[in-house]
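Visitor: I've got some "how do you know" questions about this one. Can we go through them with the model on screen?

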Amino acid sequence: MTLFRNLGPFRTTAIGHGEMPLTIENNRGHDIGIETLHASLDAGCRHIDTAWAYYTPGEEEQTGEKLVREALETWHGPRDEVTVATKVGLRRAWEGDKPVWPRDGKPEHLIAYGKQSAQALGVDSIDLLYLHRHDPEVPYNESCEGIKALLDQGVAQWAGVSNVSIEQLKIAQEILGDKLVAVQNQYSPIHLETQDTLDYCAEAGLAFVCWSPLGGYRHPYDEHLFDPFREVAAKHDVSYQQVVLAWELAKGDHMFVIPGAHRPETILDSLKADELELTDEELAFLG
């Protein structure tokens, strides 16, 4: 890995590691989780993204944050180089046999969750803390005030917002000010609806952190949308996933991607994407 970018005050890798698949349902177990995180760190990844809500419904809460802490504590590399981001405002539950993500944006609850996140991560102050998603039962400005309280108390150093519209982002900017450094929205060839937010972030000097940059795996989608990326991949003799990530990174210097993985081989392939140089013609072809 060679590509570092500025995420707020952090100089970190443009390709991060999205921890979620390692601890929600259908994960491959604790040991594979640690092995996968160690593999990405050994390969040079210096940006790990997790969340309070990354656990299997009905089982131990915050297993994602706890896994990240264990992985870093048992890793023999330079821990101080790694930026760790987490998110508060969602929980896990079941609706019948379907896992769901209940929202909880009450300020007092966000403050409690943030303190629990710091404890689970084993840090005095979280590097980067996101408001995970808007709770429609709580005015967005009130939830942002909860995040501000965590900043004021030193529980977190810097803030981000996730799954937001431009209108919500502007509210967050008013409340969080210069402490707001990142937006984490979904973006991929099958989720282009947040292009406006990506463009706004470039103008506002905010990092845009793209979750599920490869389309995700929890919901069906039209695989043919990736056909152009497969065509370019064949010319470079790389996986089409690398082409997707390289295409996203080419959207601007404010762009970050956090692909997930269930096993080391997958994340190691993704981390090679910042070495792939796409031509202007290829980028135009991909859209």
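Visitor: What is the bridge partner of A159 in strand 10?
Guide: That's L180. Bear in mind that this is a predicted model.

Visitor: What makes strand 9 and strand 10 a pair?
Guide: Two strands pair if there are at least two bridges between them. Strand 9 (residues 156–162) and strand 10 have four, in the parallel sense, so they count as paired.

Visitor: How do you know which strands are the edges of the sheet?
Guide: The open sheet has eight strands in the order 3-4-5-8-9-10-11-12, with parallel pairing. Strand 3 (17–18) and strand 12 each pair on one side only, and these are the edge strands. For strand 12, the pairing is with strand 11 (residues 207–211), parallel and over four bridges, and C210 stands opposite V257 there.

Visitor: Why is S188 called buried?
Guide: Its relative accessibility is 0%, and the cut-off is under 20%, so S188 counts as buried. S188 sits in the loop between strand 10 (180–186) and helix 6 (195–204). Leaving aside neighbours within four places in sequence, S188 is in contact with S212, P213, G215, W247 and E248.

Visitor: Which residues have the most contacts inside the largest nonpolar core?
Guide: V161 and L169, in a core of 83 residues. Helix 8 (residues 240–249) gives the most to this core, with seven residues. Not counting residues up to four places away in sequence, V161 touches Y130, L131, Y140, L169, A172, L180, A182, V183 and Q184. Nonpolar side chains tend to be buried together in soluble globular proteins.

Visitor: What lines the largest pocket?
Guide: There are 40 lining residues, and M20, W211, S212, G216 and Y217 lie nearest the centre. Strand 10, helix 8 and helix 9 (264–271) are the elements that give two or more residues to the lining. The largest share, three residues, comes from helix 9. The space in this pocket is about 940 Å³.

Visitor: How many of the lining residues are nonpolar, polar and charged?
Guide: The lining has 16 nonpolar, 16 polar and eight charged residues.

Key:
Residues are numbered from 1 along each chain as its sequence is written. This is a predicted model: local features need pLDDT of at least 70, side-chain atom pairs count only at pLDDT 80 or more; totals for chains, interfaces and linings use all residues. Side-chain values use heavy atoms; hydrogens and water are left out. Buried means under 20% relative accessible area, exposed over 50%, partly exposed in between (1.4 Å probe, protein chains only). Contact means heavy atoms within 4.5 Å. A nonpolar core is a set of buried Ala, Val, Leu, Ile, Met, Phe, Trp, Tyr and Cys residues joined through side-chain atoms within 4.5 Å. On a 1 Å grid over the protein atoms alone, a cavity is a set of points where a 1.4 Å probe fits but cannot get out, and a pocket is an open set with protein on both sides within 12 Å along at least five of seven lines; lining residues have an atom within 4 Å of a point. Grid points are joined across faces, edges and corners, and a volume is the space filled by probe spheres set on the points. Ala, Val, Leu, Ile, Met, Phe, Trp, Tyr, Cys and Pro count as nonpolar, Asp, Glu, Lys and Arg as charged, and the others, Gly among them, as polar.
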